[in-house]
Amino acid sequence: MIFLELFYVFSKIGIFNFGGGYAMLSLIQDEVVNKHHWMTINEFTDIVAISQSTPGPIGINCATYTGYTAVIHAGYPTWAAILGAVLASLSVIWLPFILMVSISQYLIKHHNSKAVTNIFGTLRPVIVGLLAAAAIMLMSKENFGNPAESPFVFVLSVAIFLLAFVGTRLYKVHPIIMILLCGLAGLLIY
Amino acid sequence: MGIYTDIFLTFAKIGSFTLGGGYAMVQIMEKEVVDKKHWLDKEEFMDTLVVAQSTPGLFAIDMASHIGLKLKGVTGGIVGALATALPSIVAILLIAIFFQTFKDNVYVEKIFMGVRPCVVALILAPCFGMAKKAKLNKFNWWIPLVTVVLIAAFGVSPIWCILAAGIGGFIYGKLKS
């Protein structure tokens, strides 16, 4: 039964996903392409590309697209495929949500306890490093262009990066406005 | 506007503009939830980041669940989580049903050539404000530095950094008292 399988596989993917969407891609690929043959490796690569250019967490994007494609491939009509897509997406969420609720409730209750204060005192500096590391790792040629092959794209990307940084940091431009402006700039320049 | 509608609209908006992974929405969420709505203060927001990062599940959804829960209990959490996921589900369904060629569209690619460097800047920008809030001083400035090197240069999972720092903080507190 395709729906039960989707529910099981994506619940598993949800609960074993530590550390962000990209970490879960290899897990999804293994389940969806290698084990269940719901799609080919090419279709999977397409999903990754589509996920990067659509809003939302990449894990949800993958689940929605896989749910839809798997049900269509199994020979069901479009409405059943939409149901499969929603089911797969919610399957990713529900287990971590229950876990998150228990942890949150504990923290909200013991917010002022000495142990919790001590632990978060050292964790806050770590989060600063975590975000900086994420930004550094994204400074890649996929995001900025290859300086050797296309110096034009690279220089413009660095300029956009600096403008976006100064704009949001010093001039307090709303990040959503910034994304829209940069998208418009890309459309006009390239 | 009722509080549930408010939670729903705020997180649907955040979900709509989460491009390029969960970290990119940190600044958007901070702006909406801390600066505009005052649902949390900045320290609480950073603590939420820690919890979301160290539990399984999607970063953005975890953040939304925690904040929704804090405001209105489990129902608030469910509303927050679903609202964050909804724009993503709708967008992918539309693409899957109508625009199979979306990713090859030359205009989409052009827009994203502009958006990608912007997303990197959006991830880096909140670090500086947070450094202040994390009370960085001459005793603990090395903590974020070591974290960056471990993660970016040695590929250590953020989970281990959080675990080590949490245990370290706990022991340090015990020794001090």
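Select chain B and follow it along the sequence: in this predicted model, the chain follows the pattern α-α-α-α-α-α-α, which comes to 7 helices and 0 strands. With chain B still selected, turn the view until the C-alpha atoms can be seen to fill a box of roughly 60 × 40 × 25 Å, taken along the principal axes. If you colour the 177 residues of chain B by burial, the buried residues make up 53% of them. Among the contacts in chain B with a separation of 6 or more, 55% are accounted for by residues 24 or more positions apart.

Next, select residues 3–16 of chain B, which form helix α1, together with residues 25–36 of chain B, which form helix α2. Two packed helices are described by the angle between their axes and the distance between the axes. How do the axes of α1 and α2 of chain B cross? They come within 10 Å and cross at roughly 155°, and because angles over 145 degrees count as roughly antiparallel, α1(B) and α2(B) are described as roughly antiparallel to each other. The crossing of α1(B) and α2(B) is right-handed.

From the end of α2, move on to B:H38, whose place is in the loop between α2 and α3 (42–54) of chain B. Phi of B:H38 is near 55°, a positive value in a residue other than glycine. Is B:H38 buried or exposed? With 8 other C-beta atoms within 10 Å, B:H38 is exposed, because 12 or fewer such atoms place a residue in that class.

Now bring chain A into view beside chain B, and select the residues that meet across the two chains: 86 residues of chain A are in contact with 90 residues of chain B. Which helix of chain A gives the most to the side that touches chain B? That helix is α6 of chain A (residues 114–137), with 22 residues. The residues on this side of chain A divide into 56 nonpolar, 26 polar and 4 charged.

Stay at this place and select A:L131, which, leaving aside its neighbours within four places in sequence, is in contact with B:Y23, B:V26, B:I123, B:P126 and B:C127. A:L131 also belongs to the largest nonpolar core, which has 109 residues, and within this core A:I127, A:L131, B:C118 and B:I123 touch the most other members. Helix α4 (residues 59–97) of chain B gives the most to this core, with 18 residues.

For the last stops, select A:V155 in helix α8 (residues 151–169) of chain A. A:V155 counts as partly exposed, because it has 13 C-beta neighbours inside 10 Å. If you draw a distance line from A:V155 to A:G14, C-alpha to C-alpha, the two are 39 Å apart in space and 141 residues apart in sequence. Then go to A:K172, which lies in the loop between α8 and α9 (175–189) of chain A. Here too the backbone angle deserves a look, for phi of A:K172 is near 55°, a positive value in a residue other than glycine. A:K172 counts as exposed, because it has 9 C-beta neighbours inside 10 Å.

Technical notes: Residues numbered from 1 in each chain as written. Chains lettered and ligands numbered in written order. Predicted model: local features only at pLDDT ≥ 70, side-chain atom pairs only at ≥ 80, totals over all residues. Contact = placed C-beta atoms within 7 Å. Helix = DSSP H or I, 4+ residues; strand = E, 2+ residues; numbered from the N terminus. Nonpolar A, V, L, I, M, F, W, Y, C, P; charged D, E, K, R; others polar. Axes fitted to C-alpha atoms, helices over the stretch in contact; angles between N-to-C directions. Parallel < 35°, antiparallel > 145°, perpendicular 65-115°, else oblique. Left-handed = near helix turned anticlockwise from the far one by under 90°. Buried ≥ 20, exposed ≤ 12 C-beta atoms within 10 Å, placed from the backbone. Core = buried A, V, L, I, M, F, W, Y, C linked by C-beta atoms within 7 Å.
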